[in-house]
Amino acid sequence: MLEDIIELDKKYYMNTFGDRLPVCFTHGKGLELYSDDGKTYYDFLGGIAVNALGHSHPEFIGALKSQLDKVLHTSSLYYIENQAKLAKALVNATVADKAFFCNSGAEANEGALKLAKIYHYKKGDNKTEVISLSKSFHGRTIATVAATGQEKYQKPYREFTNGFMQVEPNDINALKSAISDKTAAIILELIQGESGVHPMDREYVNEVRQICSDNDIVMIVDEVQTGMGRCGYLFAHQMYGVEPDIFTCAKALGGGIPIGAVLAKANIAAAFSPGDHGTTFGGNPFATAAGLAVMKIFKEEKLVENANEIGKYFKSELNSLMQKYPEKIKEIRAYGLLIGIELDEGIAKDVFKALFDNGILTSLCGGNTIRIAPPLIIGKGDVDLFINTLDAVLG
Ligand SMILES: *Cc1c(COP(=O)(O)O)cnc(C)c1O
């Protein structure tokens, strides 16, 4: 019973999530999630951009079960076939030359920051500072909180966050003034997800790339949310036509099994020598079996192409709805299947809640933006369901 679960949670679980939405899911299929009281929900958030294959994808679950019967974990002391193969698959599909696996997005960004720092350290230069952007989100570990450009996440932990500074996004002059001969790296999301789906301008991203190249600054692109097909490209930097020195990936990489990745160009990756970085769980046989299965199913079902195509349809349907409710919908920001619907401030919370009551799962971020990041297996019929429900809620 939901009430019993809530009682246990309140009594035994640290209160970092406050009052959650009053539902507990027992199982799912495709875009559908079923709650313990027998109600059906439609998952337009995909576990926050994680469940790219939807729920209970038969081939994916089959691959996981088959790995379960073989071996789960062996440690990094030994070679791991799935790990080597997943590294190859990601390198072959991108501009990266080398991969390293960990367990989460924050840990991937930690690895990226460490790699950028050790790259300069081993060159013997004195570059130690990191620049990131306001309204960014890079994770909850100490270093990634320091990089996260939001006061509410940083404030209680401030004494740990030396060496990080933030500048306004899409302002190339602000970035230029922040750069010094101590700047080691710049880390940015190309589309800021957590703060409400805010894109970087194409020109800005190209200028950042140029500045990094001219000044030997490591350009790190955080693709934890935008990666793995989310924006209609395997990675968002491919959409921008820009080559980062390092990029990170996590959320959808394991289709729900925790795994993150640091991907880097050869000259940067070479800075890590044996012992400089490591992990116990990262890239274990089970997690990398999940990653391999995700990559395989992406190809077989053309899911990146689907994200692009359905994303366009979603965007045009949402734009029509915006024309119908110009007072209520302020802006649509849609990049493949990473979509922000900015609503009038007065109604955002109520619309979010009404969607939930109608069985539509989304998230409210950046104050008044409904964010959707559905599984990439989504079809036009699912989009229609969303649009009709939102239409009814707004009307
Ligand atoms: C979710 C997210 C992270 C953090 O990932 P975790 O797996 O929660 O540590 C980092 N960066 C971006 C852009 C994210 O969206």
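View 1. A polar backbone atom of Phe137 sits 3.2 Å from a nitrogen atom of the ligand, where a polar contact means a pair of N or O atoms within 3.5 Å. Oxygen atoms of the ligand are reached by polar side-chain atoms too: one of Gln225 at 2.7 Å and one of Lys251 at 2.6 Å. On its own the ligand has 380 Å² of accessible area, and the protein covers 82% of this (Shrake-Rupley method, 1.4 Å probe). Please keep in mind that this is a predicted model, with local features needing pLDDT of at least 70 and side-chain atom pairs pLDDT 80 or more, while totals for chains, interfaces and linings use all residues. Residues are numbered from 1 along each chain as its sequence is written, and side-chain values use heavy atoms, without hydrogens or water.

**View 2. The shell around the ligand.** Residues with a heavy atom within 4 Å of the ligand include Ser104, Gly105, Ala106, Asn109, His138, Glu189 and Asp222. Helix H5 (residues 105–123; a DSSP run of H or I, at least four residues) gives the most to this shell, with 3 residues. By type, the shell has 3 nonpolar, 6 polar and 3 charged residues, with Gly counted as polar.

**View 3. The second largest pocket.** Its volume is about 820 Å³, taken as the space filled by probe spheres set on the grid points, joined across faces, edges and corners. Here a pocket is an open set of points on a 1 Å grid over the protein atoms alone, where a 1.4 Å probe fits, with protein on both sides within 12 Å along at least five of seven lines; lining residues have an atom within 4 Å of a point. Of the 27 lining residues, Gln83, Ala99, Phe100, Phe101 and Phe272 are the closest to the centre. H4 supplies the largest share of the lining, 5 residues. The lining divides into 16 nonpolar, 8 polar and 3 charged residues.

Conventions. Helices (H or I, at least four residues) and strands (E, at least two) are DSSP runs, numbered from the N terminus. A polar contact is a pair of N or O atoms within 3.5 Å; within protein, one must be able to donate a hydrogen and the other to accept it, and residues adjacent in sequence count only if both atoms are side-chain atoms.
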